[in-house]
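Dear colleague,

Please find below the structure that I am handing over to you.

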Amino acid sequence: MPIIKIDLWAGRNDELKEKLISNITKTVCDTLGCPPEAVEVVITDIPKSNWGIAGVPASKREIK
């Protein structure tokens, strides 16, 4: 059973995450030939203040 873990900056709405889960599941099924029931997708929303890039919190960088 594939488990796909995705870390994202917090702030995306549920509709967008639902679309991501659906698309990832379809791609995994198409690639591995497994049923959708076998695929789990876990999204972790991480605040930009808890995500560092080049030694600086993402919340203090100009990144979109």
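A residue is called buried if its relative accessible area is under 20%, exposed if it is over 50%, and partly exposed in between, with a 1.4 Å probe and protein chains only. By this scale Thr27, at 47% relative accessibility, counts as partly exposed.

Two remarks on the source are needed. This is a predicted model, in which local features need pLDDT of at least 70 and side-chain atom pairs count only at pLDDT 80 or more, while totals for chains, interfaces and linings use all residues. Residues are numbered from 1 along each chain as its sequence is written, and side-chain values use heavy atoms, with hydrogens and water left out.

Overall architecture

Along the principal axes, the C-alpha atoms fill a box of roughly 40 × 25 × 15 Å.

Of the 64 residues, 22% count as buried. The accessible surface of the protein chain is about 4,900 Å², and carbon and sulfur atoms hold 53% of that surface. These areas come from the Shrake-Rupley method with a 1.4 Å probe; for residues, only the protein chains shown count as cover.

A contact means heavy atoms within 4.5 Å. Among the contacts with a separation of 6 or more, 59% join residues 24 or more positions apart.

As for charge, the mean positions of the 9 positive and 9 negative charges lie 11 Å apart. Lys and Arg count as positive and Asp and Glu as negative, with His and the chain ends not counted; the place of a charge is NZ of Lys, CZ of Arg, CG of Asp or CD of Glu.

The aromatic pair

One aromatic pair is found in the whole structure. Trp9 and Trp51 form this pair, which is edge-to-face, with 5.8 Å centre to centre and 80° between the planes. The pair links distant parts of the chain, since Trp9 is in strand β1 (residues 3-9) and Trp51 is in the loop between β2 (40-46) and β3 (52-53), 42 residues apart. The criterion is that rings of Phe, Tyr and Trp (its six-membered ring) have centres within 6.5 Å; planes under 30 degrees apart count as stacked, over 60 as edge-to-face and the rest as tilted. Trp9 is buried at 13% relative accessibility, whereas Trp51 is partly exposed at 27%.

Helix α1 spans residues 14-32 and contains Lys17. Lys17 is buried, with a relative accessible area of 14%. Residues up to four places away in sequence aside, Lys17 touches Arg12, Ile43 and Asp45. Thr27 also belongs to helix α1; Thr27 and Ile53 are 26 residues apart in sequence and 29 Å apart in space, C-alpha to C-alpha.

The loop between α1 and β2 holds Pro36 and Ala38. Pro36 is partly exposed at 49% relative accessibility, while Ala38 is buried at 18%. Beyond neighbours within four places in sequence, Pro36 is in contact with Thr25 and Cys29, and Ala38 touches Met1 and Pro2. From C-alpha to C-alpha, Pro36 and Ser49 are 34 Å apart, and Ala38 and Glu62 are 39 Å apart.

Ala54 lies in the loop between β3 and β4 and is exposed at 72% relative accessibility. Phi of Ala54 is near 55°, a positive value in a residue other than glycine. Most residues other than glycine have a negative phi.

Val56 is in strand β4 (residues 56-57) and counts as partly exposed at 29% relative accessibility. Apart from residues up to four places away in sequence, Val56 touches Trp51 and Arg61. Val56 and Pro35 are 21 residues apart in sequence and 41 Å apart in space, C-alpha to C-alpha.

Yours sincerely

Key: Helices (H or I, at least four residues) and strands (E, at least two) are DSSP runs, numbered from the N terminus.
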